[in-house]
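I opened the notebook to record what I looked up in this model.

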Amino acid sequence: MKYIFGPVPSRRLGISLGVDIIPAKTCSLNCVYCECGLTTNLSLERKSFFPYKEIINELETFLNNNPRPDYITFSGSGEPTLNSDIGEIALYIKGKGIPSVLLTNGTLLYRDDVFEDIKSIDLIIPSLDAGDEETFKKINHPHKALKFNKYIEGLIRLNSLKKRVWLEIFIVKGINDSKTLLSRIKNITSTLNVEKIQLNTVDRPPALKGCTGVSIKVLEDIKHWWDDKRVEVIYPYKKRKDYKAF
């Protein structure tokens, strides 16, 4: 299989079949904490990177020969919305009756073409790690043409989609963990109609050496301080052997 991986045990999604439709590592951001490593192709250009029928054929082969996963998740080596075929692939998955998930950094959601392509996806999980332009540049290292206000505009636009949305906030020690900076993120989330606000931190080797996460205790303290019923802590994932499905 070239384009699908797993199923993998997900901390949030149970048994998730991954679909990787982006060449490594093509992304609109170069986040310090990324487990996929440093971005080698920092881009905002959408392309049909692979023959999308090959991706669908792999999915067809897997689904015909294996138990159904809980979710099929767009994730992997870069930012999935950079693939201009994501809409066609999502429609195929919807036809199979399996819930689809988009793990996205959210930076391209302000674009009409991207917004149209994600309409058939069941659950959208975008990221928001900063409440201002300066912190955005420090933690996410965006493409030079990407502006923070457009990014936030895209997240707010999700309110009109009436889809399940879980917002992920990645906390990095010494970069965005102060109450001042967290307050700015909190102010933005008050404008977002999301089902969950998920606090996460560095759990796997990050792209940038020296980038460290905070403790679970700190995440729990932030949750208590946030005082919003939507906020939850993402705890360390179980090992594969701990899931009965395997």
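**Terms and source.** I call a residue buried under 20% relative accessible area, exposed over 50% and partly exposed in between, using a 1.4 Å probe and protein chains only. Helices (H or I, at least four residues) and strands (E, at least two) are DSSP runs, numbered from the N terminus. The model is predicted: local features need pLDDT of at least 70, side-chain atom pairs count only at pLDDT 80 or more, and totals for chains, interfaces and linings use all residues. Residues are numbered from 1 along each chain as its sequence is written, and side-chain values use heavy atoms, with hydrogens and water left out.

**Strand S6.** I checked how covered S6 is. Four of its five residues are buried, so I noted S6 as mostly covered.

**The sheet.** I took two strands as paired if DSSP finds at least two bridges between them. In what order do the eight strands of the open sheet run? I read S1-S2-S5-S6-S7-S8-S9-S10, with mixed pairing. Strand S1 (4–10) and strand S10 (231–233) stand at the edges. Each has a single partner strand, so one side of each is left without a neighbour in the sheet. The twist averages 25° from one strand to the next. For angles, axes are lines fitted to C-alpha atoms (for helices, over the stretch in contact), and the values run from 0 to 180 degrees between N-to-C directions.

**Strand pairs.** As background, strands of a sheet pair through backbone hydrogen bonds, either parallel or antiparallel.

- S1 and S2 are antiparallel, with five bridges. They form a hairpin with three residues between them. Proline 9 stands opposite isoleucine 15 in S2.
- Strand S5 (residues 71–74) pairs with S6 in the parallel sense over three bridges. Here phenylalanine 74 faces leucine 102 of S6, standing opposite.
- Strand S7 (residues 123–126) runs parallel to strand S8 (residues 164–171), and two bridges join them. Isoleucine 124 stands opposite valine 165 in S8.

I worked on a 1 Å grid over the protein atoms alone. A pocket is an open set of points with protein on both sides within 12 Å along at least five of seven lines; in a cavity, a 1.4 Å probe fits but cannot get out. Lining residues have an atom within 4 Å of a point. Grid points are joined across faces, edges and corners, and a volume is the space filled by probe spheres set on the points.

The largest pocket holds about 1000 Å³ of space. Which of its 39 lining residues are closest to the centre? I found Arg12, Glu35, Ser75, Leu103 and Glu168. S1, strand S2 (14–19), strand S6 (100–104), S8 and strand S9 (196–201) each supply at least two lining residues. S1 gives the largest share, four residues.

**Cavity.** I counted one cavity of 30 Å³ or more. The largest cavity has about 40 Å³ of space. Its lining is Pro126, Leu155, Leu158, Asn159, Val165, Leu167, Leu192, Asn193 and Val194.

**Single residues.** For contacts I used heavy atoms within 4.5 Å. The contact lists below leave out residues up to four places away in sequence.

*Serine 127.* I placed serine 127 in the loop between S7 and H4. Its relative accessible area is 10%, so it is buried. It touches Thr104, Asn105, Tyr151, Leu155, Leu167 and Glu168.

*Phenylalanine 136.* This residue is in helix H4 (residues 133–140). Buried or exposed? Buried, at 0% relative accessibility. Its contacts are Leu29, Ala130, His141, Pro142, Leu146, Phe148 and Tyr151. Leucine 181 is 45 residues from phenylalanine 136 in sequence and 11 Å away, C-alpha to C-alpha.

*Threonine 189.* I found threonine 189 in helix H6 (residues 179–189). It counts as buried, at 1% relative accessibility. Its side chain reaches the backbone oxygen of lysine 186 at 2.7 Å. Threonine 189 touches Leu128, Leu167, Ile169, Ile197, Trp226 and Arg230.

*Isoleucine 216.* Isoleucine 216 lies in helix H7 (residues 216–226). At 27% relative accessibility, I logged it as partly exposed. It touches Val233, Ile234, Tyr235 and Pro236. Serine 75 is 141 residues away from isoleucine 216 along the chain, with 25 Å between the C-alpha atoms.

Notes. A polar contact is a pair of N or O atoms within 3.5 Å; within protein, one must be able to donate a hydrogen and the other to accept it, and residues adjacent in sequence count only if both atoms are side-chain atoms.
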